Amino acid sequence: MIESSEKHEGFAYSRARWDWASSADHAYWITGTSSVDHFDRSGWADACNLATLCPGYRDQTILEWGSGSGRVTQYLCRMFRRTHAVDISSGMLGLLAQRGFPDLSLHHTDGAELPPGIAVDVVYSYICWMHNRKEDLPAIMRACRAVLKPTGKLVFQLPVYDEPRSPRTFIDTACWTPREFLELAEETGFAVTRMTASVGAFAPESMGANHFDLHEWRPRPCASSNHDANGRPASI
Ligand SMILES: C[S@@+](CC[C@H](N)C(=O)[O-])C[C@H]1O[C@@H](n2cnc3c(N)ncnc32)[C@H](O)[C@@H]1O
């Protein structure tokens, strides 16, 4: 349920609304249908799509940012060596915990921070950050940069269109122009290695051809890296 007076007010607002969605019909709010079959099948398709970009996944560690109730996570934790699932909603994480998946650690975030001591090969995020306000993304990207091994990569979905757009509610869509997207990578310490964009402006009834595509960013080397040459956090 979205109140007509609703306005996106950042992480605390997102947490409250996604917690509500987790106790309502989580499959509907995540996929647009209540079908559990669709929830599982679409999650499998998205996990396979990610695997094509991560050829060494069996030996790798992954962090999924905005896992929700585990639509994709349920497969990631069986494909990757170790999986960290992060979400702003404790309700969503509770649904995931109930299912008792193997080799999976769950972490609650305030929206832009991660627990210390994690180093991963892949950070993955799908249909999550498009629901955040644009001004909240730099802090998230810097947190991703801090947990990625120097050889690691960030693989994620974020709608890029010719026309910019800001989300009005927790379920609404932010759109980034190519220039905004490249500037975000630059200011948060990444090199863009894969990016796709849709033509024109976003419209709910006719989404751009590349709306759900995965981008790929690599950490740019920097003198004050948080990891040693073996990819371990410098603090450990
Ligand atoms: C549309 S659901 C997608 C869930 C999952 N990624 C999937 O593809 O099925 C969005 C999820 O992102 C979470 N979320 C939104 N903003 C977040 C943030 N800044 N940090 C962590 N989780 C966030 C919400 O709680 C919700 O579980």
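The shell around the ligand holds 11 nonpolar, 9 polar and 2 charged residues. Here Ala, Val, Leu, Ile, Met, Phe, Trp, Tyr, Cys and Pro count as nonpolar, Asp, Glu, Lys and Arg as charged, and the others, Gly among them, as polar.

The model is predicted: local features need pLDDT of at least 70, side-chain atom pairs count only at pLDDT 80 or more, and totals for chains, interfaces and linings use all residues. Residues are numbered from 1 along each chain as its sequence is written.

**Exercise 1.** Describe the residues and elements around the ligand.

*Solution.* 
Step 1. Count the shell: 22 residues surround the ligand. A residue is near if its C-beta atom, placed from the backbone, lies within 6 Å.
Step 2. Pick out the closest: Trp18, Gly66, Gly68, Arg71 and Ser89.
Step 3. Assign elements. Helices (H or I, at least four residues) and strands (E, at least two) are DSSP runs, numbered from the N terminus. α1 (11-23) and β2 (82-87) each supply at least two shell residues. The largest share, 3 residues, comes from α1.

**Exercise 2.** Explain why β2 counts as largely enclosed.

*Solution.* 
Step 1. Apply the cut-offs. A residue is buried if 20 or more other C-beta atoms lie within 10 Å of its own, exposed if 12 or fewer, and partly exposed in between; C-beta atoms are placed from the backbone.
Step 2. In β2, 5 of the 6 residues are buried, so the rest of the structure largely encloses this strand.

**Exercise 3.** Find the strand partners of β2 and the crossovers that link them.

*Solution.* 
Step 1. Two strands pair if DSSP finds at least two bridges between them.
Step 2. Take β1 (residues 61-65): β1 and β2 run parallel over 5 bridges. Trp65 faces Val86 of β2.
Step 3. Take β3 (residues 104-108): β2 and β3 are also parallel, over 5 bridges. Ala85 has Leu106 as its bridge partner, and Val86 stands opposite His107.
Step 4. Trace the crossovers. β1, helix α4 (residues 73-79) and β2 form a right-handed β-α-β unit. β2, helix α5 (residues 90-98) and β3 form a right-handed unit too. Right-handed means that, with the strands pointing away from the viewer, the path from the first strand over the helix to the second runs clockwise.
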